[in-house]
Amino acid sequence: MASNKTFRFGPVAMSNTLTTNILNPNVTSLAGPVGFTMTQPYIILRHIRIVNKTAGAVTFSLWLGATGGNAAGTEVVGIGLSVAANSAYDWYGMLRLDAADFLVGGASAATSLSIQGEGEIGVSG
């Protein structure tokens, strides 16, 4: 039986730097109790919501890859996708992020969009 726990991240304002790290499940210290070896967690994203709080359309882009990376071929959601004024965009799917994976992105205008999401977190092993 799976023991994943549901989790939520955000909402947080998106910057206008397209290499901003948004989400990563890495734990930097895996020290645990004696006789127990901790392993890295993973995230399964199921929903991302981008909200535009301004009176004009704003675009966003998200990549999956290395820290601060937005290399060609790593695009995952909304590359230059426009979110209408005072509106929202919802993505539903199943995207796994392991310890080395970063959800990276940004918006065309700083603090105009906020990002939030839900999913599951589990422990690899």
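Trainee: Is Arg96 buried, partly exposed or exposed?

Mentor: Arg96 counts as partly exposed, at 39% relative accessibility. Buried means under 20% relative accessible area and exposed means over 50%, with partly exposed in between (1.4 Å probe, protein chains only).

Trainee: What kind of model is this?

Mentor: This is a predicted model, in which local features need pLDDT of at least 70 and side-chain atom pairs count only at pLDDT 80 or more, while totals for chains, interfaces and linings use all residues. Residues are numbered from 1 along each chain as its sequence is written, and side-chain values use heavy atoms, with hydrogens and water left out.

Trainee: Which residue forms a salt bridge with Arg96?

Mentor: Asp98 does, and the closest N and O atoms of the two residues are 2.8 Å apart. A salt bridge here is a side-chain nitrogen of Lys or Arg within 4 Å of a carboxyl oxygen of Asp or Glu. Asp98 is partly exposed, at 32% relative accessibility.

Trainee: How many salt bridges are there in the whole structure?

Mentor: The search finds three. One of them joins the side chains of Arg46 and Glu120, at 3.0 Å from N to O. This pair links distant parts of the chain, 74 residues apart: Arg46 lies in strand E3 (residues 41-52) and Glu120 in strand E8 (residues 113-123). Strands (E, at least two residues) are DSSP runs, numbered from the N terminus.

Trainee: And what does Asp90 meet in a salt bridge?

Mentor: The side chain of Asp90 meets that of Arg49, at 2.6 Å from N to O. Here too, distant parts of the chain are linked, with Asp90 in strand E6 (residues 88-97) and Arg49 in strand E3, 41 residues apart. Asp90 is partly exposed at 29% relative accessibility, and Arg49 is partly exposed with a relative accessible area of 29%.

Trainee: Changing topic, what is the strand order in the open sheet?

Mentor: The four strands of this open sheet run in the order E1-E8-E3-E6, with antiparallel pairing. Two strands pair if DSSP finds at least two bridges between them.

Trainee: Why is one side of E1 and of E6 left without a neighbour in the sheet?

Mentor: Strand E1 (5-13) and E6 stand at the edges and each has a single partner strand, so one side of each lacks a neighbour in the sheet.

Trainee: Over how many bridges do E3 and E6 pair?

Mentor: They pair over eight bridges, in the antiparallel sense. Leu45 stands opposite Leu95 in E6.
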